[in-house]
Amino acid sequence: LNDDPATSAEVREILTLAKQDFNDISPEQERLIENVGKLFKDLNGTLKINGSKKVVQVFNKMRNRKYDMSIPNKEFRVVGFPDVGKGFEMKARVIAKDSEELAFEATTMYDAMDTYLDKLAQMHRYARSVLGKEAESIILTDIEKLVALDPDKELKYRFISDGDPAEDSSKFYLRSVVDAKRYKLYDNGLVLYLGLMAVNNYALAGNVNFHVVDFQLTDSKMELYLLENNSKTLKGGVKVETGILISNSEIADGSVRFDLLYKISDGDKTVRLTGDKVLSFAHSWNSKVIKEKLDGLSKLNDFVEDIYS
């Protein structure tokens with residue numbers, strides 16, 4: 001409740017840093033970031049969200065280099081399936097364009113291995129079954145033959161690295177695979193910016209204040225928990241606080257959600273719950289439609305009244 005709110009300039013800096021995350025940002029992604037930055041009027045002063053300053057600071061410390069590449073099948077070479085402890089992952093070599101020179105190696109994470117195998121030939125269940133029988137060579141041969149059938153077909157790959165790519169110690173990971181024209185990159189930075197600005201607009205319109213109660217962040221997912229500063233005491237001394245949970249998944253064609261958040265206490269025990277969806281939008285939507293969705297945050301009032309009832 002007493003933590004500092006972020007200034008509007010600090011929140012806007014998120015978009016500047018979002019550009020710097022990319023090793024080679026595409027024109028489409030640069031336009032998307034610019035369009036998102038135009039959705040809200042410039043504000044002076046601070047947000048009506050206590051603790052948002054710390055959220056921005058934490059987010060800005062967590063930097064991964066991102067690489068979005070459209071690669072033809074012939075330049076993406078699967079070389080093995082290491083067992084990383086929780087199951088098999090896939091290791092691949094990316095070959096420099098028009099040469100046999102190795103650009104870098106990457107290991108899959110999340111469901112990138114299964115997605116790649118399914119886009120190749122709906123074969124991830126078959127592959128995992130064969131790998132379980134310690135017959136990796138069979139799968140490698142199958143992949144080689146399938147790639148040869150359509151060597152120029154392109155997929156879009158999202159890689160991340162855990163350090164400076166110029167350093168030998170830096171490791172690359174393949175996080176997702178999608179069709180070449182589909183991936184809209186509403187990364188955590190853009191969603192954090194949209195969420196903070198939308199909630200601040202709601203707070204200004206309703207003359208209320210919020211505070212951060214939790215912030216969960218990984219390289220791919222984000223959850224920001226916000227509660228209004230004012231609580232309401234109902235019959236029997238039950239105290240209720242209401243707010244909103246903003247969540248995002250960067251993986252493949254993820255989506256953004258704003259869900260009702262509420263906290264109930266009877267003096268002895270406290271429980272924090274999420275309720276109905278207030279609004280959501282898919283990464284494939286354009287920024288204008290998303291702004292219209294975010295304006296619907298005013299519906300939060302109705303959900304809050306339902307909780308009190």
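## Lys66, a buried charged residue

Lys66 is buried, with a relative accessible area of 8%; buried denotes under 20% relative accessible area, exposed over 50%, and partly exposed the range in between (1.4 Å probe, protein chains only). The residue belongs to strand S3, residues 65-72. Helices (H or I, at least four residues) and strands (E, at least two) are DSSP runs, numbered from the N terminus.

The side chain of Lys66 forms a polar contact of 3.1 Å with the side chain of Asp187. A polar contact is a pair of N or O atoms within 3.5 Å; within protein, one must be able to donate a hydrogen and the other to accept it, and residues adjacent in sequence count only if both atoms are side-chain atoms. Leaving aside residues up to four places away in sequence, Lys66 touches Asp21, Phe22, Asn23, Arg158, Phe159, Ile160, Asp187 and Glu250, where contact means heavy atoms within 4.5 Å.

## Basis of the model

The model is predicted: local features need pLDDT of at least 70 and side-chain atom pairs count only at pLDDT 80 or more, while totals for chains, interfaces and linings use all residues. Residues are numbered from 1 along each chain as its sequence is written, and side-chain values use heavy atoms, with hydrogens and water left out.

## Overall architecture

The chain contains 9 helices and 14 strands, and its C-alpha trace spans about 70 × 40 × 35 Å along the principal axes. Of its 309 residues, 47% are buried. Among contacts between residues at least 6 apart in sequence, 60% join residues at least 24 apart.

## The cavity

A cavity is a set of points on a 1 Å grid over the protein atoms alone where a 1.4 Å probe fits but cannot get out, and lining residues have an atom within 4 Å of a point. The largest cavity holds about 160 Å³ of space; grid points are joined across faces, edges and corners, and a volume is the space filled by probe spheres set on the points.

Of the 15 residues lining the largest cavity, Asp21, Phe59, Met62, Lys66 and Glu250 are the closest to its centre. The lining comprises 5 nonpolar, 4 polar and 6 charged residues, with Ala, Val, Leu, Ile, Met, Phe, Trp, Tyr, Cys and Pro counted as nonpolar, Asp, Glu, Lys and Arg as charged, and the others, Gly among them, as polar.

Helix H4 (residues 112-121) is mostly covered, with 7 of its 10 residues buried. These are Ala112, Met113, Asp114, Tyr116, Leu117, Asp118 and Leu120. Their cover includes strands S4, S6, S7 and S8 and helices H5 and H6.

Tyr110, in the loop between S6 and H4, has a positive phi near 55° and is partly exposed at 38% relative accessible area. Gln122, in the loop between H4 and H5, has a positive phi near 45° and is exposed, at 66% relative accessibility. Most residues other than glycine have a negative phi.

## Packing of H5 against H6

Helices H5 and H6 pack at an angle of about 145°, with their axes 7 Å apart. Axes are lines fitted to C-alpha atoms, for helices over the stretch in contact, and angles run from 0 to 180 degrees between N-to-C directions. Tyr126, Ala127, Val130 and Leu131 of H5 meet Glu136, Ile138, Ile139 and Asp142 of H6. This contact has 6 nonpolar, no polar and 2 charged residues.

Methods. 1 Å grid on protein atoms, 1.4 Å probe; cavity = no way out; pocket = protein on both sides within 12 Å on 5 of 7 lines; lining within 4 Å.
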